[in-house]
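Notebook open, structure loaded. I'm jotting down what I look up as I go.

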Amino acid sequence: MTAVGFDGVERRGLMFVLSSPSGAGKTTLSRMLIERTPGLKMSVSATTRPMRPGEVDGRDYFFVAKPKFEAMAGQGELLEWATVFDNRYGTPRAPVETALTAGQDVLFDIDWQGTQQLREKASTDVVSVFILPPSAADLEKRLHTRAQDSDEVIRGRMDRASHELSHWAEYDYIIVNQNVDEAFAEVQSILKAERLKRVRRTGLTEFVRGLQRQLEK
Ligand SMILES: Nc1nc2c(ncn2[C@@H]2O[C@H](COP(=O)(O)OP(=O)(O)O)[C@@H](O)[C@H]2O)c(=O)[nH]1
Ligand SMILES: Nc1ncnc2c1ncn2[C@@H]1O[C@H](COP(=O)(O)OP(=O)(O)O)[C@@H](O)[C@H]1O
């Protein structure tokens, strides 16, 4: 799990988690982050939920049937998994391990249940961000503008929102996504600062020793 920072100091890769009630904006913010952040790779989850218009298999999710999902979970191929809105969602283990070993950070769009499981497995490497909508009315409006779910599914997502919100205090950082550019700048600054954390910067001792040797010449 060793990455080399842009300043040449080695550090441990981190697992950057975004969670929120459905519709608060985590997919939007994740896409912006992946497009604009070198060294960050998206973890693509497996799910049993139907594909939405515009989604691409293998990019947004790996869309699998329930028996296949159960087999993946049973064979230990998932790093974590959970049931959300009656569908199964899980994180394939191998791509995450490959990315971290190659020195990349990994971005997860997963719910509070998955975040808890990641924290239990690798707490010092997990940085978690919870995204709040500015209001319930905004949340509902966003679910409707996304225009990808039926009214019934949207009602289900709104009904679950309050329960999901109740997990906010388990997260390291909380962002209110009012203006998307501001929320993005906030998420970006969290990642930047977390990459500089001393505990992750495993190469610092050697780097500083090198500096000292140069100074003592
Ligand atoms: N635990 C877990 N949750 C996931 C995973 N993938 C997606 N989710 C969560 O499942 C919920 C539903 O996702 P989705 O159906 O794409 O709807 P969305 O909330 O509109 O993005 C969201 O809270 C996601 O963060 C996963 O691999 N594991
Ligand atoms: N700050 C914002 N202001 C207005 N609309 C937003 C904002 N952030 C996201 N959206 C829109 O809200 C909808 C839901 O966002 P999405 O990223 O899919 O949420 P989530 O992944 O959390 O379910 C999308 O249509 C998206 O374009």
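Started with helix α8 (residues 204–216). How many of its 13 residues are buried? Zero, so α8 lies largely in the open. I count a residue as buried if 20 or more other C-beta atoms lie within 10 Å of its own, as exposed if 12 or fewer do, and as partly exposed in between, with C-beta atoms placed from the backbone. Helices here are DSSP runs of H or I with at least four residues, strands are runs of E with at least two, and both are numbered from the N terminus.

The expected span is 1.5 Å times one less than the number of residues. For the 13 residues of α8 that gives 18 Å, and the end C-alpha atoms are 18 Å apart, which agrees.

Housekeeping: this is a predicted model, where local features need pLDDT of at least 70 and side-chain atom pairs count only at pLDDT 80 or more, while totals for chains, interfaces and linings use all residues. Residues are numbered from 1 along each chain as its sequence is written, and chains are lettered from A and ligands numbered from 1 in the order in which they are written.

Next, the sheet. I find four strands in an open sheet, order β6-β5-β8-β7, with mixed pairing. The edge strands, pairing on one side only, are β6 (62–63) and β7. Strands pair if DSSP finds at least two bridges between them. β7 and β8 run antiparallel with six bridges, and Val84 sits opposite Asn87 in β8. They form a hairpin with two residues between them, and Phe85 in the turn has a positive phi of about 50 degrees. β5 (residues 46–47) runs parallel to β6, joined by two bridges.

Then ligand 1. I get 18 residues around it, the closest being Ser22, Ser45, Ala82, Tyr89 and Gly114. Near means a C-beta atom, placed from the backbone, within 6 Å. Which element gives the largest share of this shell? β7, with four residues. β7 (78–84), β8 (87–92) and α4 (112–122) each supply at least two.

Last, ligand 2. Of the 15 residues around it, Gly25, Thr27, Thr28, Arg142 and Val180 come nearest. Two or more residues each come from α1 (26–36), α5 (136–146) and α7 (180–195). By class I have three nonpolar, nine polar and three charged; nonpolar is Ala, Val, Leu, Ile, Met, Phe, Trp, Tyr, Cys and Pro, charged is Asp, Glu, Lys and Arg, and the others, Gly among them, are polar.
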